[in-house]
Every structure is written in structure tokens, then in C-alpha cells.
Amino acid sequence: MIAEQQTPLQLVTAMVQNEKQARQHRTYFRYTSFERSSRTGGHLWQESVVETPDGLLRRLIAEDGKPLSADRAAEEDRRITALAADPSALRAADANRRADEARLAKILDILPQAFLFTADGMQGNCVRVAYRPNPSFSPSTYDERIVHGLAGTILIRMPEERLCRIEGRLTDRVSFGFGLLGHIEQGSHFSITRLPITPTDWKSRKIDVHVDGKVLLFKSISRDQDATHSGAELLPPHLSLAEAAALTRQASP
């Protein structure tokens with residue numbers, strides 16, 4: 001349980017430091033993903049996923065609950081083989097996901113400065129902390145302006161002081177250049193739920209993102225993602241891309 005003298009801000013700060021240290025010692029997993037998103041064209045994709053230093057190798061197994069046809073399965077084999085033979089192509093294909101990870105890391109890094117915190121009880125082994133924008137924080141980038149507009153709840157696992165869940169919603173529309181350069185709509189929201197796979201290694205279990213907005217007058221930046229990861233298994237270090245590609249053919253435990 002949270003120590004009596006530990007304030008919500010101190011607890012959040014400790015969690016942020018623990019997550020930062022964990023990012024410096026990156027581990028890799030394989031798992032099964034069920035995702036409906038802009039990337040999947042609104043379909044429900046079941047994928048066998050293997051993480052590598054160059055990016056995620058994702059093998060599509062089923063769409064909308066139906067196994068792939070022989071032709072589509074063969075196409076997946078060719079695609080995975082090509083990515084495993086070309087790390088630069090895999091890194092390019094994985095660019096959006098890496099950008100998402102960087103955004104989450106940025107949110108965590110500025111949490112102690114950008115928000116005010118209130119204790120909100122316990123949820124299982126996790127302390128609930130509500131957060132809202134800190135009016136004394138001055139965002140220095142567009143990304144920080146968006147983050148600073150969030151309000152929501154953080155769940156922190158005790159006694160490890162690790163992030164169980166974070167959810168947030170934009171309380172007001174965020175405009176850039178008086179709206180001429182773009183905006184993010186009020187009500188855009190996200191949530192990420194994480195679970196320990198080993199005593200020290202954690203993995204995102206559930207990701208839910210809904211963002212509406214536009215940039216440079218016309219380009220939509222709407223984003224929808226609802227993903228669940230199951231059967232996560234820690235991988236041995238120094239796995240080759242060929243070995244990772246072979247693992248995508250195996251079912252997660």
C-alpha cells in the first residue's frame with residue numbers, strides 16, 4: 001500500500017522513474033494480437049506478433065474471425081520473408097508504432113510537471129490517482145499542448161510502483177495557429193492497460209485510442225485503435241530476424 005507520507009505527486013514521480021529505467025533495458029515478446037483499427041481497415045485482425053530491435057513482425061492469421069485463404073496465407077509468408085531479409089524495410093514499416101511509443105514516453109516524462117494529482121483510492125493492487133492539467137505548466141511543443149489538455153486516471157501497481165493503466169481525455173479542443181494549422185477535437189481519448197509478464201518485465205495488454213482532428217486545413221489525423229494482446233511470452237535476447245519470422249508461424253502459449 002501507499003506509504004502514509006507519500007503524496008500522489010511523489011508516487012507518480014517514482015512510477016515515472018521506474019518506467020524510464022525499464023525503457024533503458026528493453027526486452028522483447030511474442031504474443032497474439034486482436035486489433036480493429038485504421039491500420040486494419042476496420043476489420044478485426046488476429047495476428048501472431050514477434051518483437052525485434054528492428055520492429056514488429058506481424059503475421060496475419062485471421063480476419064473477422066475467419067482464417068486466411070491459402071492465397072492470403074502465402075502472401076503473408078512472402079511478406080514476412082521479405083521483411084526478415086531487409087531490416088531497413090521492417091524499420092520503415094514499424095515507424096508509426098515507434099512514434100506511438102515515443103508519444104507515450106513523452107506523456108509519462110512530463111506527467112509530474114504538467115498535471116495536478118489527487119488520490120482516488122485503490123483498485124486491486126493498484127493505487128488510483130486522478131490527474132488534471134496544471135495551470136502553471138507552459139507547454140513548449142504542439143505535442144506537449146495536446147498532452148497538457150488531458151485529464152484522467154492513472155493506476156500504479158504497489159509495491160513495485162509500476163504503471164498498471166493510464167487513461168485520458170481531452171477536456172477542450174486544442175487548436176494550432178488559431179485553428180489555421182489544425183486542431184484536435186475535445187473528447188479525443190486513449191487508455192493503455194499493462195500487466196507484468198515476469199517480476200520485472202511488463203507488457204501492454206489493452207490499447208484503446210480515439211483521436212479526431214485535422215492539420216493544415218484539410219488533412220485528417222483521425223485515429224482509431226482497439227487492440228488486445230494475449231499470451232505474451234518473453235523472448236531470448238539476440239534473436240535473429242529469421243528466427244523471429246519462424247516464431248510468427250507458431251501459436252503463442
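Colleague: Where does Gly121 lie?

Modeller: Gly121 lies in strand S5; strands are DSSP runs of E, at least two residues, and helices are H or I, at least four, numbered from the N terminus. This is a predicted model, where local features need pLDDT of at least 70, side-chain atom pairs count only at 80 or more, and totals for chains, interfaces and linings use all residues. Residues are numbered from 1 along each chain as its sequence is written, and side-chain values use heavy atoms, leaving out hydrogens and water.

Colleague: Why is Gly121 called partly exposed?

Modeller: Buried means under 20% relative accessible area, exposed over 50%, partly exposed in between (1.4 Å probe, protein chains only). Gly121 has 44%, so it counts as partly exposed.

Colleague: And why does Glu51 count as buried?

Modeller: Because its relative accessibility is 4%, and the cut-off for buried is under 20%.

Colleague: What makes Arg26 and Glu51 a salt bridge?

Modeller: The rule asks for a side-chain nitrogen of Lys or Arg within 4 Å of a carboxyl oxygen of Asp or Glu. Their closest N and O atoms are 4.0 Å apart, and the pair counts as a salt bridge. Arg26 sits in the loop between H1 and strand S1, Glu51 in strand S2.

Colleague: Why say that Arg91 and Asp54 tie parts of the chain together?

Modeller: Arg91 is in helix H3 and Asp54 in the loop between S2 and strand S3, 37 residues apart in sequence, so their pair ties those parts together. The closest N and O atoms of this salt bridge are 2.7 Å apart.
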